[in-house]
Amino acid sequence: MSPLKGMALARHIFENREEYPRKLKKEGKSVIGYICCFSPPEIMHAAGALPYRITGQPGESTSEVDNYLEPFGCSYIRNIFSRYIRGKLDFLDGLVISHSCDMVQRLYGIWTYYYPFPYSRLVNVPHQLHPWSQDFFYRELVLFKESLENHFKIEISTEALTVSIDLYNHIRQLIRELYQLRGGSNPKLLSSELMEVLVAGEVLSPEDFLLLLQDAVDEIASRNVPVVNPNSVRILVWGSILDHPHFYRLIEEAGGQIVTDDTCLGERFWNKDVPVTEDPVEGLKEQYLLNFQCPRIDRGPGTQRFAYLKEMAEQYRVQGAIGYVMSFCDPHKLDYPDLHDYLDKEGIPMLLIDDNYSLQSSGSISTRLQAFMEMLS
Amino acid sequence: MSTESEMKKAVRHLETTARIKELLPGFFARPTEETDRPVAWCMVGVPPELLKAFDLEWEWPENFGTLCASNLVAPKFIELAEGEGYSSDICSYVNNTMGYCKRYLEEKGAPPELGKVRGMRKPSFLLGSGVTCEPRYKWFQTVATRYFQVPIHSTDPLAPPWDQDATDLRIEKHYLEQLRRDLHGQVDFLEKQTGQKLDMERLKKIMEYSQEALWYWYQVLQLRKAVPSPMGSTDYFMAIIPQMYMLGELEAVNFYRQMYNEVKDRVEKGISVTNKEKYRLIWFGLPPWFNLGMFNYLESVGAVVVYESIYNMGEWVELDLSDPLEALVERTWKKAVDANERGAETRPETCELSAVGNFTGSNLLEELVEDFKLDGAILHQTRSCRALSFGHIHTKNRLARLDIPSLVFESDMADPRLWSDAQVKTRIHAFLEMMDK
Ligand code: SF4
Ligand code: SF4
């Protein structure tokens with residue numbers, strides 16, 4: 001590892017996301033790229049591989065994908081795939097995509113057709129929570145594990161998988177400590193900083209990430225120069241994938257402090273431990289199908305499906321919610337009107353920002369953010 | 001777009017499709033007034049045979065979307081939905097429904113701006129499905145949240161991805177268990193809602209009708225291999241109605257039988273949709289329902305669509321009807337295996353529980369080019385439906401390897417705002433020139 005530690009290391013990894021996997025690959029480690037967490041990284045880790053969550057670079061050119069993907073598609077997907085075509089992800093030994101949303105699922109077929117990998121896998125995910133759908137997902141996870149066993153010619157023992165789950169749960173606990181430091185009554189951490197830590201976590205092995213987190217928690221806890229304006233408006237961010245601090249910075253500049261979030265790389269992933277079960281796959285099923293609050297799962301009608309957000313808002317004394325949705329992102333866009341009305345009834349105003357993963361119009365976005373903060377404060 | 005498009009009016013070539021309203025009173029003349037009988041709102045993917053077995057009244061919001069689109073009333077509903085916060089990116093059928101529901105509640109019944117379009121009665125319960133796209137189950141989730149707080153059940157029919165071997169016994173078992181339990185779950189819900197037990201003997205009879213109708217329909221589609229082409233897309237896009245919504249009804253059998261006889265007769269006599277057939281085309285994607293006259297325009301310049309990938313029932317599936325529920329599972333699974341064996345890279349990993357199919361790039365293309373003597377392809381990129389247009393560029397690439405040129409054009413199935421007659425014509429003519437070379 002580099003001599004850097006804690007937050008400085010997080011920034012370094014964030015800015016040089018390809019350096020670490022390249023190095024590990026040289027040392028003989030297999031690197032498996034994945035996109036959504038319905039394919040649990042715990043299983044890939046237990047198989048001895050480095051689970052590398054593929055992230056994008058907002059604003060980068062995506063013209064490389066025009067020969068493969070339609071313009072009317074999620075810009076995040078286009079961004080990721082064009083990075084691969086440009087050779088930015090040339091260290092990947094495998095690709096795992098779960099059927100999290102339609103866009104990602106179609107990408108899998110197109111990507112693996114034109115660029116086959118030595119190992120690739122689509123993890124199929126039910127949309128409903130029927131008992132049989134849950135059983136399906138359990139079997140699907142078992143088959144996923146077996147496919148890794150066959151590929152790597154290894155056996156993933158129950159113990160090995162349990163160790164991986166423990167390790168990730170330990171990470172979850174530390175991340176929750178960071179959440180407290182950003183969302184407590186005296187915030188010491190900005191979300192834009194936290195984002196760099198979270199992205200570093202998608203790159204590093206869980207062992208290395210754990211070390212980084214321990215240092216980061218100590219470092220932030222002992223901060224005595226305030227980084228957060230005490231008068232900031234307390235904001236909850238909800239939405240599609242956010243894997244770059246840019247948007248968070250805009251909110252901070254407009255006078256907001258993101259005290260909590262409901263996003264893929266954020267709370268959705270870390271807020272609960274994977275249940276410890278005798279059969280570890282059971283625990284993973286519960287975590288990723290039931291606990292993970294992605295709108296692509298049908299949790300039935302009624303606004304009760306958003307009750308967890310009200311709880312979060314109460315816990316973090318949220319003053320307003322900001323939604324960030326990607327153009328063409330059906331799961332989020334279809335939930336938005338119901339969510340907006342629900343939060344409104346609960347006295348939490350909501351502002352929606354629709355973006356194509358470029359934040360090109362950050363000028364006008366900033367104006368809207370500022371107006372929203374003024375209204376709230 | 002101009003609502004004045006000259007492609008608005010579509011002319012059908014067959015007597016059967018021209019008389020469709022008379023021939024299918026069960027669909028076109030069904031009651032509009034609210035009664036005590038339960039009405040199910042259904043998503044495509046709900047087997048119509050089951051609805052028949054429970055004697056249910058039904059409405060299909062997707063079909064309602066196409067009707068509102070054809071009659072140019074969809075834009076008003078779509079705008080209303082946008083006002084509620086539904087993005088213009090969202091499936092225009094969904095937004096059409098949302099706008100309609102809002103107006104329905106304001107008016108305490110179907111709103112007056114529908115004009116000639118028959119309004120949907122209010123639902124007693126909702127039958128959603130996870131077929132093909134996310135909007136399909138999110139749609140009813142939100143209808144039941146905002147507008148009609150009625151019971152809801154959505155199915156979850158999953159299929160293996162393109163690179164997994166569907167004939168592998170473990171994979172087969174894995175998916176069959178899901179499909180079977182999913183269907184039984186739907187039946188349990190229907191039994192609970194209607195207070196009736198599913199009558200298996202009745203369902204068997206219904207399945208016999210269903211198979212018979214599909215058999216004639218399959219033969220009609222095969223007859224389209226003939227040169228010159230005996231029917232066109234304006235016929236096809238009307239004739240899908242029984243396949244989508246009326247399988248299991250005697251009317252559907254009679255309709256397709258009559259259509260088969262008519263098309264067969266036209267083939268024997270060499271009667272074609274245009275006397276200058278020069279280019280034979282395959283169509284991908286949903287049609288622009290508001291401008292189906294585009295197909296007539298193509299015919300007027302010698303280009304006939306002879307195969308539509310959308311709604312296509314695909315291969316004929318023989319079924320053992322002794323256990324009719326199992327036959328439904330078998331139909332679904334066999335279609336999934338068939339698609340999987342052809343390597344449909346960009347197919348959704350969901351099955352079609354009804355008899356409807358759709359495909360984008362796959363090995364099937366080679367066969368079709370040969371059998372239907374194709375010269376080119378038109379791929380309609382529907383802005384608000386990515387589910388059925390994502391994969392078109394890939395299809396275009398695969399067709400290019402077979403020396404088949406493609407025209408990709410962008411518009412929508414129900415929202416005419418992106419349409420321009422002039423642009424469409426320019427693109428068509430450039431494409432024809434390309435095929436000439
Ligand atoms: S942003 Fe939305 S459409 Fe894009 S990958 Fe995520 S869930 Fe899918
Ligand atoms: S397949 Fe397309 S048109 Fe049909 S419901 Fe889904 S998004 Fe809408």
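Which helix of chain B gives the most to the shell around ligand 2, and with how many residues?

Analyst: Helix α8 of chain B, residues 135-146, gives the most to that shell, with three residues. Helices here are DSSP runs (H or I, at least four residues), numbered from the N terminus. The model is predicted: local features need pLDDT of at least 70, side-chain atom pairs need 80 or more, and totals for chains, interfaces and linings use all residues. Residues count from 1 along each chain, chains are lettered from A and ligands numbered from 1 as written, and side-chain values use heavy atoms, without hydrogens and water.

Around ligand 2 sit Glu62(B), Cys91(B), Tyr93(B), Cys133(B), Pro135(B), Arg136(B), Trp139(B), Leu286(B), Cys385(B), Ala387(B), Leu388(B) and Met413(B), each with a heavy atom within 4 Å. By class, the shell has 10 nonpolar, no polar and two charged residues. Nonpolar covers Ala, Val, Leu, Ile, Met, Phe, Trp, Tyr, Cys and Pro; charged covers Asp, Glu, Lys and Arg; the others, Gly among them, are polar.

Now a helix pair. The axes of α5(B), residues 61-70, and α7(B), residues 92-107, come within 9 Å and cross at roughly 90 degrees. Axes are lines fitted to C-alpha atoms over the stretch in contact, with angles from 0 to 180 degrees between N-to-C directions. So α5(B) is roughly perpendicular to α7(B) (65 to 115 degrees). In contact (heavy atoms within 4.5 Å) are Pro61(B), Glu62(B), Phe64(B), Gly65(B), Thr66(B) and Cys68(B) of α5(B) with Tyr93(B), Asn96(B), Thr97(B) and Tyr100(B) of α7(B). That contact has five nonpolar, four polar and one charged residues.

Definitions and conventions. Helix = DSSP H or I, 4+ residues; strand = E, 2+ residues; numbered from the N terminus. Parallel < 35°, antiparallel > 145°, perpendicular 65-115°, else oblique.
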